[in-house]
Amino acid sequence: MRWGGLGRCDRGVDQGRGAGRGAVLPRALVVRRLLERQQAGELATRHVRAVAETVGVSERTVWRWLEQAKATGRAEGPVRQ
């Protein structure tokens, strides 16, 4: 599945987890793309839904990622120890 110019990648979300329909995308990439759409006033729920389905997480998780990125200024997830 392609969404807004996003293609397939070698790693999955966070720790290599991932993916609906065989497409695997890193969290930082999808968060940056969604933030770009949001800043342009183009972000819609359908975009979040498509990303959630593609990376194999819930829509709520993707919205949480966006909130965390805006709060911290980082698209990457927190480092787990």
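**Packing of the helices in a predicted model**

Helix 2 and helix 3 pack at an angle of about 175°, with their axes 11 Å apart, where axes are lines fitted to C-alpha atoms, for helices over the stretch in contact, and angles run from 0 to 180 degrees between N-to-C directions. Helix 2 is therefore roughly antiparallel to helix 3, given that angles under 35 degrees count as roughly parallel, over 145 as roughly antiparallel, 65 to 115 as roughly perpendicular and the rest as oblique. In this pairing, V30, L34 and R37 of helix 2 meet H47, V48, V51 and V55 of helix 3, a contact being defined by heavy atoms within 4.5 Å. By class, the contact of helix 2 with helix 3 has 5 nonpolar, 1 polar and 1 charged residues; here Ala, Val, Leu, Ile, Met, Phe, Trp, Tyr, Cys and Pro count as nonpolar, Asp, Glu, Lys and Arg as charged, and the others, Gly among them, as polar.

The model is predicted, and local features need pLDDT of at least 70, side-chain atom pairs count only at pLDDT 80 or more, and totals for chains, interfaces and linings use all residues. Residues are numbered from 1 along each chain as its sequence is written, and side-chain values use heavy atoms, with hydrogens and water left out.

The protein has 4 helices and 0 strands, these being DSSP runs numbered from the N terminus (helices: H or I, at least four residues; strands: E, at least two). Of the 81 residues of the protein, 35% count as buried, that is, they have under 20% relative accessible area, whereas exposed means over 50% and partly exposed in between (1.4 Å probe, protein chains only). Among contacts between residues at least 6 apart in sequence, 51% join residues at least 24 apart.

Helix 4 (residues 59-72) packs against helix 3 (residues 45-55) at an angle of about 110°, with the axes 8 Å apart, and the two helices are therefore roughly perpendicular to each other. On the side of helix 3, the residues in this contact are T45, V48, R49, V51, A52 and V55, and they meet E59, V62, W63, W65 and L66 in helix 4. The residues of this contact divide into 8 nonpolar, 1 polar and 2 charged. The buried residues of helix 3 are H47, V48, A50, V51, A52, T54 and V55, and the helix is followed by G56, whose phi is positive, near 80°.

Helix 4 also packs with helix 2 (residues 27-39), at an angle of about 75° and with the axes 10 Å apart, so that helix 2 and helix 4 are roughly perpendicular to each other. Here R27, V30, V31, L34, L35 and Q38 in helix 2 meet V62, W65, L66, Q68, A69 and K70 in helix 4, and the contact has 8 nonpolar, 2 polar and 2 charged residues.

R27, which lies in helix 2, is buried, with a relative accessible area of 7%. The side chain of R27 makes a polar contact with the side chain of Q68 (2.6 Å), a term for a pair of N or O atoms within 3.5 Å, where, within protein, one must be able to donate a hydrogen and the other to accept it, and residues adjacent in sequence count only if both atoms are side-chain atoms. R27 is also one of the residues touched by A75, which is found in the segment after helix 4 and, at 12% relative accessibility, counts as buried.

Key: Lists of a residue's contacts leave out its neighbours within four places in sequence.
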